[in-house]
Structure formats: structure tokens, C-alpha cells
Amino acid sequence: MKHGIHFFDCSVLTTAIQDFTAVIKEDPSNAQARLYRGRAYAKQQQYRNAIQDLAAAVHLDPSCWLAFYYRGCILRQIDPKRAVQDFSVSVLINDTQENVCSFLHRGIVYSEQCQWSLAICDFESVLALDSSIIFAYLNIGLILLLHLEGYYEAIQQFTNAIEIDPLNVRAYVCRAQAYRKIHNLPNAVKDINRAIHLYPNKSQLCMLRGQYLMELKKYELASLCIYQLAEMDEESFTSQPVQQALIQSFCQNHNKAIECLHEATATQPEPSMFVILGKIQMKAKKTKDAVRSFKKAMKLLMTSAKILPNTFEAAEMYYLTGLCYMEQKSLLRARDAFSMAIRLHSSYPDAFYQRGLCRMQLRQAKCIRDFNRAVALCPSHFQAYMSRAAYYGSKGRYSKAILNCNEAIKILPNSVRAYFYRGTLKYQNKTFQAAIEDLSKTIDLNKTCIVAHYNRAVCYHEIKELKKALKDYGILLLLELSKEIAFKVLINRGLLYMELGDYANACEDFKEATLLSPDDSHIFQAIGICYHRLNEFEEAVRSFDQVLKLDPVSVDTYVGRGNSYMENGHEAGCKQAQKDFLRAIHLNPKCIKARICLGYNLQALGKLQRAWSQFTVAICIDPKCHAAYDGRASVCLQMGETFSAFQDTNAALKLTTTAPLLTNRGVINQLMGYLPCAMKDYQQAISVDPNYALAYFNAANIYFHNRQFSQAYCYYSKALQLDPRNESAVMNRAITNTLLNNIEEAKEDFEKAICLCPFSAAVYFNRANFYNGLKQYDLAEKDIST
């Protein structure tokens, strides 16, 4: 017996069995020999013989708990009920630490039979006997986690296991899953990281970490996990070609993914494999190859009658084929593919939507039906609402388009695209303030949305909030813009500066625009106008010269250059201007602007009759041109035809009422001696434009003439407030102050007048009279001498 036990312990089982058999032959009632021979048979996987010996051992010695235990272990898989009985008898005989395995195995059987409470009781008995058995903690934790929803208790069990064995990977993984169940993802990630640290090459652990990081919305870190998976060569990972292909595709290694799936489809040609292959080929922009893959999938899916089944799987193949055709710009083929997808699966909203897009691009009115159907099947189809909005917007039905944008915003409340498009629709609908609100929301969601800033600036420009428009244009120029948008921004801001009267900044913007479009004559025209307004007439002439190089028949440019020559104030400039005005009239005989400018030019050269003729021709071309009447009136006045001038000014005032025209009529009335009528005209001019200085000056002169010096003083002061460089107003106020005995003010005004016009004899003469009245004869004599 001792000899057999020795060989059994040394695992020399054949010799041990021979020895135990010899003992049994000598003593058939030897229970110990039966027990050992049964255990040896079990180790040799001779389970029938093992069970017979263990049954004999139990029969010979009913208190042999080991025989019950070992027989229970053998019966665990083939007869769980008898196994439980044997384990139960074993623990009944011996419930000490020595027989802890019986509790453990019975707990496992109970787990397999889904008797969770009984299983937990047995595992707790194991821990009561030996608290260092990790397997018991893990099993209790798994039952609580997977079946009883006791997540917090499960975490405690896994923590107990980790405290006993800090290197147990399974405990960390199980605890991570429990943490995930209670939405404690940071701790779940920590446990998975610990598990990866212990087993760095396990692909499943990397996948779990990626999944948890995705749920934490840490997308960059999740991406790193997928890249790490792509670099792994673990056998269990590479044996799953679909998973490997999807990971390689995510990493943009499309060729590797396609190669992997080609190998898989060669050995396992299934429709789903070809569909995945096609999708990855679409990602790789290999749409022709993708179409071939989808066709192979369709062929495999066909029934014996060569008909595709009416399933979503078949419809999806046509849908994906349609997407490929759209990418290839084969719209008719794409439309037919989507129609086939709808025929196979009539409730396919995306197929209706894509067919609607095809029809929209083909300019077929039926597209709206498809969008309507997509929305009916899927009320949360954001793209369908946006496409419907685009359709109605293209038809000018802006209110209906806006309603569809409203529905889209309900689905995606933070959609930059929806708010931007609704803003542009409101702009088209002329509701600029509402458009600004939507475009502002777009900018809040995306600070660098270039088109939103641009469109908002245009809206601000429309409602005359020019400073806000300037701010948006300024922000745009700080961003990285395409050449086309930068050009538009510079032009718009330049025009805005011109509207504000800031011609210097406008000129700078137009100059910068010429660098982006050096052959655009309109920009040089605008630069010329800016220089003219800035009184830089030589620069203006150069800009207009550049325009005429690009566009030699530009009438407006000849007129602009002629005006710039005129402003130089010398006779040569006037003659050069006359040539430009004549060229403009030669190019367009009906150009009223050119004729009026030529009329003023001839008037400046003293050719009054020819000037009168030009203004008259302008009136014949357009009898409603008030500027022509005004010009002819000034010529008539210079020719001494006061009544004709009065008639022309009245004709101009019937067409439009402006402060200059009223002032001009006042001057004519004054010359004709009708001072009350003249004063009435000046007062009306002031009411039309309270900032028109000349009306105040002329009214002050009448008050002075009527010896109403206090009123004259007030009106001269107002005129000088609006036009501080009017030397006549300064001198007249000085004389008025003299008569009002405002000595100090009179002195100051004479000084200002001399500063403004140091070579005016009248100023010195009047100051001499002032000094004479003060009996300061030396100063008076000096001024008279000057």
C-alpha cells in the first residue's frame, strides 16, 4: 500500500494502479486502496473505472469524505445533480478547512445551474474557512455584477481579491466593468490601465480602454487606443479579419484594411464581408471598386430564382451603390439605385433623402416629395429638413424655408449650419435684425465661421449700423481667408468707409484689393474718387489713367479725371478737363453728367454761351435733371440774366428741395432787391439742412443790411461754427462786433481774418477803420498802408 501511495504521489500512475490492485486482491474490503485507485484512474481520464472504485470506497467506508468529493468532481459535468449530492455529503462528513474544495466546487455547480443565492452561500463558506482564496471573491463579485445588479457589493468583492493578490488581472478587469455599471468611468479607466500594465499585449484590454474613453468623450485618447490595436500582432486579434480591417480603416490605413478583407472574402465569401469591403473602399475613394464589391454581395444574396429578397440588407447594398454613383457624378444611375433600394425596403428614409438630393441636382420638382417622405418616415431627419429648406429657398419661398430650418434646429439645437442658413434666408426675406440674431448665434457656436461674420457685416451695413459692420469686416481680415472672400471684404469695407466719409481708409482698402485683383478697373475708379475727395488731385488723375489703360471706353472715368483736372485750378488743367468731358460725350452723347461738367468747365473758361448750350442740351435729354437747371441758372446769373436764372432755379426746386438750391434762389432774390423773399429762402434752406453754412452767412448779410446787428452776429457765429475757414464771415462778424462795441471780440475776429486771408486788402481796410474809431491812428495808418 505504501509502495502504491509513493508512486501515486510521484505521478507514476500505472505502477500505482498495479500496486493498489494487488492490495484489493489480497483485501477486497480495503476502502483506502479503492480510493487511491479511483483517483489514479481519474487522473488517467478512465472515469468509468474511477467512479466504480470511488463508489466501492464509499460503500466500504461511508465516512470517507474524500471519496464523495472526488466522485462529485468527476460527475460535475455529466450529472450535476448527483455531483451536488456527493459534495453535500462530503461537507456533511467534514466541514473543516481541509474540505474547503467541496464548498468551492458545489458553489460552481450552483452557479452553472443559475442558483445564485446557493452559490454565494457556498463561496462565502469557502471564505469563512480560508479568506485567502481569490477565486471565491471573484465568483461572488461576478454573480453580483452580472446577475443580481449588486454593483457596489461586487466592487467590494473585487477589491478584496485585489488586496490579496495585487497582480490579479481578472480582478481589475471585473472591477472596471462594475465601475462602468455605476457610471464611474474614471475609476474604470484606471483599473483597465492597471490591467494593461500587467498584460500590455492583450488586445481585448486595449479595446475596453478605448470604449471607456469614448464614453468619457476623450476622443483623442480613444483614437490612440485604436492606433495601438492596429500595431498589435496578437494571434487572437489577427484571427478576426473584420475587426482588424475596421481598426486599420479607422487609422486611415485603407489599403491594409482592403487587403485584409480581400483575404477574408477569398476564404469566406459572405455578403456581409463584401458589404464591409465596399464601405472601406468608399472611405478610400475607390468608388468603382466599391460598386463591384456591392454587386458581388448582391449576387451572393440572390435566391435561386435570381431575385433579391425584400430585406433591409439587400436595400442597403443598392443604397450604398447609389452613394458611389453620386460620388462619381452619375446622377441618373444613382437615382435608379436609390429607387431600387426603396422598392426592396419601402420604409428607408435615407434612400428617399438621397434620391431627393439626386432629383434636386437634376432639377426635378419631384425631389420635394422624396424629402417629405423621408421626414414622414423619420421625423428627426435633420438633413431632410435642411434640404427641404434649401429647395424652398431656391424657389424664393423664404418663409417656408425658414420654417424647415426651425424644425432642423429643434432636432439639433446647436447646429451651426442650421442657424447660418436660417440667418441667410432671413436676410433674403429683408428681416435684417432677425438675420443678425441667427448669424450671431452661429458665431457663438463657431467663432471662426467666416461666412457668418461676412453675412452679419452685410446685414449691419443694410440697417446702417456701420461701426458694427466695420468690426465684423475687421475680424474677418484677421482670419485665414480665401483670396475671393478677402477681396469681397476689402471692397465692402472700402465702400462702407466711403459712406462714412473716411476716404483715407477707404483708399487703403481699395489699394489692398488691387493686389488681389490687379486687372479690375472698378477698384482703380474707386481709388480715384477717394483721392479726389481727399483733394489729392494728381493721385486721382493717376488712378483714372490706370482705369483707362484697363478700360479705354469708360465714360465715368473720363468725367472723374476731368473733374480732377478742373480742381487743380489752372487754365491748362481746365483745358485738359474739357478734352476728357468731350471724350465722354463722344462715347455717350446722352451722358448728362459729362455735359453738366463740361458746362461748368466752359463757364470757368468764360465761354458762357457754350456753357449755357451744354446745360440746355442736358435739360433736353432729361427734363427732370435739377443739376442741369441749377448749372444753367448760375450761367444766366453770370450773364446778367437774373430773371432767367430765377426761372431755372424755380424749375430745379420743383424737382427737388435742397438747401443749396434754396440758397441760390435767395441770392437771386437778393440781387433783384426782394430782401424779404431772399430771407424766406435762406430760412427755408436752414430748415431743410440745419448744417448748411452758406444759408446762415447770406441770412446774416441781410440782417446786417437791415442793421439788425445782434441777429447778424448770431448767424455769422453759426456760419463760422459750421465753416470755420470762411474768411468773409469772420470779417463781417468783426465789423458787426465793432458796431455792437464788442471791442475785444472784434480784435480777435480781425486777427483770424488776416490769418485766413493775409493778402485781402478789404480786411486791412476794415481793421484800419476799426483802429481809427478807437483813435489808434498809428495802427490805422499801418493797416491803410498795408
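How far apart are the end C-alpha atoms of helix α39, and what span should its 14 residues have? The legends below take up this point and others in a predicted model.

Figure 1. Helix α39 covers residues 642-655. Its 14 residues, at 1.5 Å a residue, should span 20 Å, and the end C-alpha atoms are 20 Å apart, so the two values agree. The buried residues of α39 are Ala 645, Phe 646, Asp 648, Thr 649, Asn 650, Ala 652 and Leu 653. Among the elements that cover these buried residues are α38 (626-638) and α40 (659-671).

**Figure 2. Packing of helices α33 and α34.** Helix α33 (residues 537-550) packs against helix α34 (residues 555-567) at an angle of about 160 degrees, and their axes are 9 Å apart. Angles over 145 degrees count as roughly antiparallel, and α33 is therefore roughly antiparallel to α34. The crossing of the two helices, α33 and α34, is left-handed. On the α33 side, the contact is made by Phe 537, Ala 540, Val 541, Phe 544, Asp 545, Val 547 and Leu 548. On the α34 side, Thr 557, Tyr 558, Gly 560, Arg 561, Ser 564, Tyr 565 and Glu 567 meet them. By type, the residues of this contact between α33 and α34 are 8 nonpolar, 3 polar and 3 charged.

**Figure 3. Arg 355 in helix α22.** Arg 355 is part of helix α22, which runs over residues 349-361. Its relative accessibility is 13%, so Arg 355 counts as buried, the cut-off being under 20%. Apart from neighbours within four places in sequence, the contacts of Arg 355 are Arg 335, Phe 338, Ser 339, Ile 342 and Asp 370.

**Figure 4. Leu 481 in the loop between α29 and α30.** Leu 481 sits in the loop that joins α29 (466-478) to α30 (483-499). With a relative accessible area of 21%, Leu 481 is partly exposed. Ile 450, Leu 476, Ala 486 and Val 489 are in contact with Leu 481, when its neighbours within four places in sequence are left aside. Leu 481 and Val 451 lie 30 residues apart in sequence, and their C-alpha atoms are 10.0 Å apart in space.

**Figure 5. The chain as a whole, for reference.** The chain contains 47 helices and 0 strands. Of its 786 residues, 48% are buried. Among contacts with a separation of 6 or more, 43% are between residues 24 or more positions apart.

Methods
Residues numbered from 1 in each chain as written. Predicted model: local features only at pLDDT ≥ 70, side-chain atom pairs only at ≥ 80, totals over all residues. Heavy atoms only, no water. Axes fitted to C-alpha atoms, helices over the stretch in contact; angles between N-to-C directions. Helix = DSSP H or I, 4+ residues; strand = E, 2+ residues; numbered from the N terminus. Parallel < 35°, antiparallel > 145°, perpendicular 65-115°, else oblique. Left-handed = near helix turned anticlockwise from the far one by under 90°. Contact = heavy atoms within 4.5 Å. Nonpolar A, V, L, I, M, F, W, Y, C, P; charged D, E, K, R; others polar. Expected span 1.5 Å × (residues − 1). Buried < 20%, exposed > 50% of the residue type's maximum accessible area, 1.4 Å probe, protein only.
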